[in-house]
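The structure is shown first.

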Amino acid sequence: MTTSRADGPYDLAVLGAGPAGLAAAVTAAAAGARVALVDAGPRVGGQYWRHRPGDTGAAHHGWAAFQRLRHGLAAHAGRLHHLPGHAVWHTGRTAGGFRTHTLHDGTEQVVESTAVVVATDAYDRQLPFPGWTLPGVFTAGGAQALLKGHGVVAGRRIAVAGTGPFLPAVAAGLAEAGARVVGVFEAGLPASFVRQPLTVAANPAKLAEGAGFLRTLLRHRVPYRTRTAVVAAHGEDEVTGVTVARVDARWRVVPGSERRLDCDTLAVGYGFTPQIEIPLQLGCATRRDIDGSLVATADARQRGSAPGVYLAGEVCGVGGAALSLTEGELAGLHAAQAVGAAVADPAVVRRLVRRRTAQRQFAAALHRAFPVRPGWLGWLRPETVVCRCEEVTVRTVTEAVTELGATDPRTVKLYARPGMGLCQGRVCGYATACLVAARSGREATAEELRGMAGRPIAQPLPLGILAAGDPGADPESGSGIVPDAGTDESSMPAR
Amino acid sequence: MSTDTRAGAGGPAVPRRPSFPFRFDELTIEAEPGQSIAAALLAAGHRSWRRTRVAGAGRGMFCGIGVCFDCLVTVNGRPNQRACLVEAAPGDLVRTQEGAGRDDLAC
Amino acid sequence: MVGAACAYHCTSAGLRVTVVERGAIGGATTAACEGNILLSDKEPGAELELALLSSRLWARTAQALGAERLEYQEKGGVMVAASPATADGLRKLTAVQRAAGIDAVDVSRDEVTGLEPNITPEVAAGAYYPQDCQVQPVLATARLLRHAREHGATVLPGTAVTGFVRDSRGAVTGVRTDSATAPLIPAGRVVNAAGTWGGELAGLAGVPLPILPRKGFILVTEPLPRVVRHKVYTAEYVANVASGDAGLQTSVVVEGTRAGTVLIGASRERVGFDRSVSLPVLRRLAAQAIGVFPFLAEVALLRSYLGFRPYCPDHLPVIGADPRAPGLLHACGHEGAGIGLSAATGHLIAQVITGAAPDLDLAPFRPERFEETTV
């Protein structure tokens, strides 16, 4: 079934209903554009405003902004359609625009649009370490989602580890919900952050938010330890403890500093990785950001390098919810103008651009304050699993380099299968790229990260649903779409 | 049905909403409306509900947002369902998944 | 793969070898194929002779290097015919193939089901080809090159050939590259094993070679237990392999892999080096595969990949010395059979270079044949 308006395709398909996508959709609709807001979740809000039905927002930050956007969503319901439960598996170009294919309730749905705003979220970046596959080890965002989205506290005695300002936020939420948080173990030394006073002064709200989390931790007597890392998790069938160690500036373990800590749960994250498969499907240029993540390149108007594609939020550089809102608004304004809706007010654009500049500087300062340092490679053992899906160990990855002569992560993937499993390298892509590059004594390049990031089918898709869209298929057998043959992807220009 | 608070095996007290039961292997698990299967299992103290194809290692929820595919379970006969995304429904039959979860097709 | 096979057989013959690869080892067409070592899709002629030799050499190579390490499997192929008419055609094909030395066994509908329990009941008959094999092509390439390195070869990935070095009489005496550390590689012979880009490389030496890309997609499913035992094709596959039609052609090839994924092919299109993903082609492949294995409807597609087969107008590869550029040999243009034919190709190239009598008559594969026919 093709989801488009009776009078033709949507002006805009906004992919992702987190802060960036919501802002883009509401802004573009307010400017008069006809918008489809496509999202896999049951409710708008994305990961940042993940909530339960009837949630009053007490535990959320920026809830007032979320309320405003929800009101905007309702106010423009005539031309802004929220499509929940739509997991995008492919976006392709047609003669006149774009076609976004989703999996919805066991059927394929197609959203046609003149332009697209890609506002896909990000997820926790992971570094492998011994024991990280044990049940009871969660991503920091996973522990957060469990609490905010489902009202469940991940465990009783919880260690929080990794790097970045997200860790105190997660730990504070868990402590407030009644868990015993045995410590926040920050591998970095964020002191460098306060040495950038101008950037910090320009973003007082963000700073106050961070201070609030630290006050909450203090109140619950949760220690916040810097230059300290969880370098192993222990347990037979589940986590029963972790090894915490002091690390130096390069994150190498300080000999003799290791100590065992009893806990039943570990929440861990090393920054964020943007969901970049849709921009890659659309042929958008990508680059390696300051934080080491592969991100799509956006211009001043939030346009990707492929015509008709706009980018907002983490997908063009991890920067948090406030920056996502700004970028979303800008993308919404420019995209709406490009498809023939209202011309953006230059004064509004100037104000947003100023705000974006300050917020990006703040994000860059955070990235510089919380870098991932290569010493984590020393925490690994030969038998440590790198790829959780295909159960590929460090030893196997290393042998692909030393025995078989692979020099880049894509070749390692072809030899040894890291990144070939169901998650398609979302979890291990960064670590595999780092691991292979480190064999040559360097950091992973953008090209190498791309080698682990391309996913022509973004979500596992039952073959029967794919086949139902084949013009030769038995019309009785499928409830999916029958795309009209005139504008299918085969007419797409070569990239 | 209950609206009290609980200190479930999975974690300390959090306000509850009226719950309903579903089956997990031989057990009955209570879930709240809108809760994922993973959340309900964790709240009931279960952390592992899959055995991997190669090492037979136990796995449960990891990313919690549908990215990592570690929390796979068989739901009402359909394998490879992400427990962190699928909302529990009254009467669901959830089974621990062994390997690829398609042993019925093996030949 | 073909380049690695040349390096493997040449070093085994005592030659000193340098392998120059523009990208990553086995990263282009080799990484986008199924790893077929087939006899079943061949009709009598020069290519079948090459395939028979290659089949024997692959078995020997697998024994020497370890079948496990190459994921070399003597899995056998099953060709199925959906209608009685196609079944008749298949019977005629197998009779001809048997006469030419292929082990082709006619099987009934029940026997097909015995070979492949998950197959659709709507099968008229089939043929079983026990000699059909498979390798994991990228692993095999890496393993062959590792062996070559251990026997003195130098392998230079990420190094592109930018030109040829010629002596005063025009003979090729080496190549120039874009590498700062090895800008000039002198060589008594240069083997062009650039696959789909073989014509481009030959052009640098001033000799035309009409090798064109034929695009193909493969679908990869989620990991499964063993659900498909053999390589399973429909009888239309052979017709498409041999076809010269420029339009889209699809036929069913379904097989399992060591890793548990099921691979679904095969499409053939002449659309240049267009790397775009065509959903209509993916849909057709999925629909056809479900037609043969109905259980696949419930199985998830995980990814698709695409590649460009190197094809020549007469569907035969180019193997041997090029009289138009003394010192230059070609080993390319194997279309969709490069993995299978690589062993014989490498072996024959080594024979030519060492001056041994080739095991096969190379005349059908001679590089200058295209110019002769256009005169």
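The text below takes the interfaces in turn and ends with one residue.

The model is predicted: local features need pLDDT of at least 70, side-chain atom pairs count only at pLDDT 80 or more, and totals for chains, interfaces and linings use all residues. Residues are numbered from 1 along each chain as its sequence is written, chains are lettered from A and ligands numbered from 1 in the order in which they are written, and side-chain values use heavy atoms, with hydrogens and water left out.

**Interfaces in outline**

The size of an interface is often given as the accessible area lost when the parts come together. In the table, buried area is the accessible area (1.4 Å probe) that two parts lose on being put together, summed over both.

| Interface | Buried area | Share from carbon and sulfur atoms |
|---|---|---|
| Chain B and chain A | about 3,300 Å² | 54% |
| Chain C and chain B | about 890 Å² | 56% |
| Domain 1 of chain C and domain 2 of chain C | about 560 Å² | 75% |

**Chain B and chain A**

Contact (heavy atoms within 4.5 Å) involves 41 residues of chain B and 43 residues of chain A. For salt bridges, the rule asks for a side-chain nitrogen of Lys or Arg within 4 Å of a carboxyl oxygen of Asp or Glu, and it finds 3 across this interface. A polar contact is a pair of N or O atoms within 3.5 Å; within protein, one must be able to donate a hydrogen and the other to accept it, and residues adjacent in sequence count only if both atoms are side-chain atoms. Between chain B and chain A, 17 residue pairs are in polar contact, both residues at pLDDT 80 or more. On the side of chain B that touches chain A, the elements giving two or more residues are strand S2 (14–15), helix H1 (37–43) and strand S6 (58–59) of chain B. H1(B) supplies the largest share, 3 residues. Helices (H or I, at least four residues) and strands (E, at least two) are DSSP runs, numbered from the N terminus.

**Chain C and chain B**

Here 14 residues of chain C meet 8 residues of chain B. The rule finds 1 salt bridge across the interface, and the side chains of Arg102(B) and Glu222(C) form a salt bridge at 3.0 Å, N to O. The residue pairs in polar contact number 6, both residues at pLDDT 80 or more.

**Domains of chain C**

An automatic or database domain assignment divides chain C into domain 1 (2–70 + 136–209 + 314–370), domain 2 (77–130) and domain 3 (212–311). The C-alpha centres of domain 1 and domain 2 of chain C are 34 Å apart. Contact between these two domains of chain C takes 7 residues of domain 1 and 8 residues of domain 2. The rule finds 0 salt bridges between domain 1 and domain 2 of chain C, but 2 residue pairs are in polar contact, both residues at pLDDT 80 or more.

**Glu390(A)**

Glu390(A) sits in the loop between strand S21 (385–387) and strand S22 (392–393) of chain A. Its relative accessible area is 10%, so Glu390(A) is buried (under 20% relative accessible area, 1.4 Å probe, protein chains only). A salt bridge of 2.7 Å, N to O, joins the side chains of Glu390(A) and Arg53(B). Within chain A, the side chain of Glu390(A) makes a polar contact of 3.1 Å with that of Arg417(A). Leaving aside neighbours within four places in sequence, the residues in contact with Glu390(A) include Met420(A), Val54(B) and Pro223(C).

Note on methods
Buried < 20%, exposed > 50% of the residue type's maximum accessible area, 1.4 Å probe, protein only.
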